[in-house]
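Here's a quick briefing for anyone opening this structure for the first time.

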Amino acid sequence: MSRSVHPKKEVEKALKRAEAEGWRIEVGAAHAWGRLYCPYKGDECRCGEFCISCVWCTPRSAGNHANGLRRVIENCATHMRHKAAMRLAPQGE
């Protein structure tokens, strides 16, 4: 099932990147446009600090909000460890 498109193009671009990295986006959450969920949420994942993030519908600055969402994706420790493990894993020979 596809989600609705975010009205701000900068934020939509950040959301597409998040989806490409495996993050889940749920549209419609209280006062927010939606929420961004880490695919590797666990006990070692910074106690949930970066595991869930709100996506606002009409942020004051769409560019700053998009940068903040990208920063959440990049700073997720568990996510980064998983990506590093995938790069170091031996390929099928």
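Arg 3 is buried, with a relative accessible area of 19%; buried here means under 20% relative accessible area, exposed means over 50%, and partly exposed is in between (1.4 Å probe, protein chains only). This is a predicted model, where local features need pLDDT of at least 70 and side-chain atom pairs count only at pLDDT 80 or more, while totals for chains, interfaces and linings use all residues. Residues are numbered from 1 along each chain as its sequence is written, and side-chain values use heavy atoms, with hydrogens and water left out.

- Side chains of opposite charge can pair when their charged atoms come close.
- A salt bridge is counted when a side-chain nitrogen of Lys or Arg is within 4 Å of a carboxyl oxygen of Asp or Glu, and searching the whole structure turns up four of them.
- Helices (H or I, at least four residues) and strands (E, at least two) are DSSP runs, numbered from the N terminus.
- Glu 19 is partly exposed, at a relative accessible area of 36%.
- Put together, Arg 3, Glu 12 and Glu 19 are linked in a network of salt bridges.

**Arg 24 and its partners**

- Arg 24 and Glu 26 meet through their side chains in a salt bridge (2.7 Å, N to O).
- Arg 24 counts as partly exposed at 43% relative accessibility, and Glu 26 is partly exposed too, with a relative accessible area of 35%.
- The charged end of Arg 24 also sits over the ring of Tyr 37, 4.2 Å from its centre; for that label, NZ of Lys or CZ of Arg must be within 6 Å of the ring centre and within 35 degrees of the ring normal.

**A glycine in a strand**

- Gly 34 belongs to strand β2 (residues 32-37).
- Is Gly 34 buried or exposed? Gly 34 is buried, with a relative accessible area of 0%.
- Gly 34 and His 6 are 28 residues apart in sequence, and their C-alpha atoms are 9.4 Å apart in space.
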